[in-house]
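Student: I am new to this structure. Can you show me how to read its features, one at a time?

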Amino acid sequence: MIVRCWGARGGIAVSGTRFDRFGGDTCCIEVRDSDGRVLIIDAGTGIRRLGKRLVDEGVPDCDLFFTHFHWDHLMGLPFFRAPHHFAVRINGDPLPGVTTEEVLNNVVSPPYFPVPFAEFSKGMEFCPFEGSGHFGNIAVTAVPLSHPGGGSGYRFEENGKSFVFLTDNELSYQHDGGLTLDGYAEFAKNADLLVHDAEYLPEEYPAHRQWGHSHWLEAVDLAEKAGVRALGLFHHGASRYDGEVAEIVESCRSEIRDRELRMDCFAMAADVVIRL
Ligand SMILES: [Zn+2]
Ligand SMILES: [Zn+2]
């Protein structure tokens with residue numbers, strides 16, 4: 001299984017030389033199974049470049065999953081060229097009470113976008129996903145996020161390797177439908193890679209309580225409790241320059257050393273590739 005990050009930024013896309021290292025595009029992750037089948041999580045601005053790559057490669061189809069529909073996870077969709085070239089299956093309805101098709105129909109249409117949804121969505125297929133299923137060689141399992149309005153996190157498993165993706169997830173506050181820290185630790189248990197929301201510094205968190213995000217120390221707590229092999233920090237704040245993200249990574253590594261854990265830690269960034 002290969003995990004490739006096309007955007008790790010949260011909130012809004014950013015640009016400029018102070019964001020070169022970790023990238024400015026918002027949330028988009030590609031997962032490939034051992035036969036090359038493509039799964040995608042979220043359609044932040046990173047999905048634009050991914051779509052171009054998939055079209056250039058000539059892949060036959062792909063499966064897209066959404067965590068939720070806040071703009072930073074959705075705003076790249078109108079510029080995702082893939083549905084004009086091959087089948088894109090959109091799996092599941094991560095929010096209670098509304099279908100993914102309804103949500104997309106509302107925003108990817110005039111006056112927000114010049115092309116009507118019926119035309120834009122040719123090539124898209126909306127498929128039910130009841131919380132678990134197989135996509136190629138990968139077993140996918142969903143879990144509710146602790147986030148305003150809800151959402152889904154995911155676990156991907158192939159050949160005994162596992163990748164858990166939990167972004168926009170607040171570990172110190174249980175939003176409606178969300179789990180406790182222990183619940184997420186059980187979901188992420190023994191994962192080879194956990195990618196988790198680490199938007200805040202611990203000292204920033206009190207001013208942002210209930211906003212739906214975690215600080216890096218909580219991400220380390222979860223990674224330790226779950227016994228994961230590697231922790232990828234995600235959802236970097238839009239005003240967080242490269243040097244500041246690097247400082248968060250160093251703080252995490254220092255904490256991991258102090259706790260005598262055997263765990264890698266790094267920041268997810270545009271174009272980072274992890275082979276599991
Ligand atoms: Zn977000
Ligand atoms: Zn969100």
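Tutor: Start with a cut-off. A salt bridge needs a side-chain nitrogen of Lys or Arg within 4 Å of a carboxyl oxygen of Asp or Glu. Buried means under 20% relative accessible area. Keep in mind that this is a predicted model.

Student: Which side chain of opposite charge is nearest to E218, and how far away is it?

Tutor: That is R209, at 6.8 Å. E218 is buried, yet it has no salt bridge.

Student: Where does E218 sit?

Tutor: In helix α5, which covers residues 216-226. A polar atom of the E218 side chain lies 2.8 Å from the backbone nitrogen of H215. Leaving aside neighbours within four places in sequence, E218 is in contact with L171 and S172.

Student: Now the metals. Which residues are the protein donors of the zinc ion (ligand 1)?

Tutor: D72 (OD), H73 (NE2), D168 (OD) and H235 (NE2). They lie 2.1 to 2.2 Å from the ion. Their spacing in sequence reads D-H-x94-D-x66-H.

Student: Why is the arrangement around the zinc ion (ligand 1) irregular?

Tutor: Look at the angles. Four donors count as tetrahedral if all angles lie between 85 and 135 degrees. The 4 donor atoms here subtend angles of 90 to 164 degrees, so the arrangement is irregular.

Student: What do D168 and H235 tie together?

Tutor: D168 is in the loop between β10 (161-166) and α4 (181-187). H235 is in the loop between β12 (230-234) and α6 (242-258). The pair therefore ties together parts that are 67 residues apart in sequence. Both D168 and H235 are buried.

Student: What coordinates the zinc ion (ligand 2)?

Tutor: H68 (NE2), H70 (ND1), H147 (NE2) and D168 (OD), at 2.1 to 2.4 Å. D168 also coordinates the zinc ion (ligand 1), and the two ions are 3.6 Å apart. Around the zinc ion (ligand 2), the 4 donor atoms subtend angles of 91 to 170 degrees, so this arrangement is irregular.

Student: Where do H70 and D168 lie?

Tutor: H70 lies in the loop between β4 (61-65) and β5 (87-91). D168 lies in the loop between β10 and α4, so the pair ties together parts 98 residues apart in sequence.

Student: Are H70 and D168 buried or partly exposed?

Tutor: H70 counts as partly exposed because its relative accessibility is 36%. D168 is buried, with a relative accessible area of 1%.

Definitions and conventions
Residues are numbered from 1 along each chain as its sequence is written. Chains are lettered from A and ligands numbered from 1 in the order in which they are written. This is a predicted model: local features need pLDDT of at least 70, side-chain atom pairs count only at pLDDT 80 or more; totals for chains, interfaces and linings use all residues. Side-chain values use heavy atoms; hydrogens and water are left out. Donors are N, O and S atoms within 2.8 Å of the metal (3.2 Å for Na, K and Ca); water is not among the atoms, so sites may look incomplete. Four donors count as tetrahedral if all angles lie between 85 and 135 degrees; four count as square planar and six as octahedral if opposite donors are over 155 degrees apart and all others between 65 and 115; anything else is irregular. Helices (H or I, at least four residues) and strands (E, at least two) are DSSP runs, numbered from the N terminus. Buried means under 20% relative accessible area, exposed over 50%, partly exposed in between (1.4 Å probe, protein chains only). Lys and Arg count as positive and Asp and Glu as negative; His and the chain ends are not counted. A polar contact is a pair of N or O atoms within 3.5 Å; within protein, one must be able to donate a hydrogen and the other to accept it, and residues adjacent in sequence count only if both atoms are side-chain atoms. Contact means heavy atoms within 4.5 Å.
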